[in-house]
Amino acid sequence: STVEHHTVLHTCEYLEKFGITTVQVATDALGVVDPAEVAGAVTPDTALVTIMLANNEVGAVQPLREIVDAVRERGRRLGREIPVHTDAVQAPNWLPVDVQTLGVDSLSLSAHKFGGSTGAGVLYLKRGVPFLAQQSGGGQERQRRAGTEHVAGIVGAGVAIQIATEQRELAVAKIELLRDRLIAGVRARFPDANLNSNAPVRLPNIVNFSFPGMEGERFVTALDELGVAVSSGSACMSTSWEPSHVLLAMGLPVELATAAIRFSLGPDTTAAQVDRMLLVLPLAAERAGPVAAHLAG
């Protein structure tokens, strides 16, 4: 599924130590998973299907309800029920998160993504879904999580998601305009820049561009020095670049995956901030310089 890379690796390695096999389903060029492929990967031994609702690198939103329905149908043919979980961490500010509409058996959120505090989160479990507690020793949370609850964090998360829900429609309308302003501005200044994922359904706040000939990490550093915070889909190492697994899964060549920059907008982002970023973007590119120059150096 399209969950975050290191989480996937660590989870797979952990599970495989116990003899549990994991299967990852490919995406298309837009970063979207085909429901039929997910269902096709389900076998009589499948214990769980998990998929990210909205991708954190390119913003692509998965057809989750269609995936759930396809898995349900596959399960009926196999004569068993297969739980479906979604990582919906990126969604609350921008998408409706209704477990009945999505049809999932479990759903997880992180409070700091929608205005709550770090260290607090939300886990929805449909009644009867198998669950193994991560920590035990007490009867709290109906045996699902031992220990004293983080009451302030829980209350804050509840209030924060209520506010995010109430403000979502206006926030989406505002950020979509800023996103389009950002995309048009980047294209005007860098005609050869590649917009990574223009999926029909995508988050309004994430824009991912590849700048041919550039090294993403150096570009990020140059922008940071100019007061603009962005991120790269690649992890720059002293002797090599590790490209984004998401972009590679979408079929981008390595040279474009390592030249990627992720722009993220928030509810408080202003047009003036977007315009300033566009103003300094060419200067940052000049400071970062092309990959060939760094290699020659």
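Colleague: Is Phe219 buried or exposed, and what is its relative accessible area?

Modeller: This is a predicted model, and in it Phe219 is buried, with a relative accessible area of 0%. Phe219 belongs to helix 7, residues 216–225, where Gly216, Val220, Ala222 and Leu223 are buried as well.

Colleague: How do the buried residues of helix 7 lie when seen down the axis?

Modeller: The buried residues of helix 7 fall within an arc of 165 degrees, so they line one face of the helix. On the other side of helix 7, Asp224 and Glu225 are exposed. Just after helix 7 comes Gly227, whose phi is positive at about 85 degrees.

Colleague: Which residues are linked into a cluster by ring pairs, and how should I read such pairs?

Modeller: In general, a pair of aromatic rings is described by the distance of the centres and the angle of the planes. Here the ring pairs link Phe190, Phe209, Phe211 and Phe219 into a cluster, and the count of aromatic pairs comes to 3. One of them joins Phe209 and Phe211, with 6.1 Å from centre to centre and 45 degrees between the planes, which is a tilted arrangement. Both of these residues are buried, Phe211 with a relative accessible area of 1%.

Colleague: Why is the pair of Phe211 and Phe219 called edge-to-face?

Modeller: The ring centres of Phe211 and Phe219 are 5.1 Å apart and the planes stand at 75 degrees, so this pair is edge-to-face, because an angle over 60 degrees places a pair in that class.

Colleague: Let us turn to the sheet; in what order do its strands come?

Modeller: The sheet is open and is formed by 4 strands in the order 5-6-10-7, with antiparallel pairing. Strand 5 and strand 7, the latter at 231–232, are the edge strands, and each of them pairs on one side only. Strand 7 pairs with strand 10, residues 260–264, in the antiparallel sense over 2 bridges, and Ser231 has Arg262 of strand 10 as its bridge partner. Helix 6, residues 151–189, lies across strand 5, strand 6 and strand 10, and runs at about 10 degrees to strand 6.

Colleague: How should I read a positive phi, and what is the value at Ser197?

Modeller: The general idea is that most residues other than glycine have a negative phi. Ser197 is not a glycine, yet its phi is positive, at about 85 degrees. Ser197 sits in the loop between strand 5, at 194–195, and strand 6, at 206–210, and is buried, with a relative accessible area of 5%.

Colleague: Where is Thr46 found, and between which elements?

Modeller: Thr46 is in the loop that runs between helix 2, at 35–41, and strand 1, at 49–52, and with 13% relative accessibility Thr46 counts as buried, because the cut-off for that class is under 20%.

Colleague: Which residues is Thr46 in contact with, leaving aside its neighbours within four places in sequence?

Modeller: With those neighbours left aside, the contacts of Thr46 are with Ala41, Arg80 and Ile82. Thr46 and Thr21 are 25 residues apart in sequence, while their C-alpha atoms are 9.0 Å apart in space.

Key:
Residues numbered from 1 in each chain as written. Predicted model: local features only at pLDDT ≥ 70, side-chain atom pairs only at ≥ 80, totals over all residues. Heavy atoms only, no water. Phe/Tyr/Trp six-rings, centres within 6.5 Å; stacked < 30°, edge-to-face > 60°. Buried < 20%, exposed > 50% of the residue type's maximum accessible area, 1.4 Å probe, protein only. Contact = heavy atoms within 4.5 Å. Pairing = 2+ DSSP bridges. Axes fitted to C-alpha atoms, helices over the stretch in contact; angles between N-to-C directions. Arc of directions from axis to C-beta.
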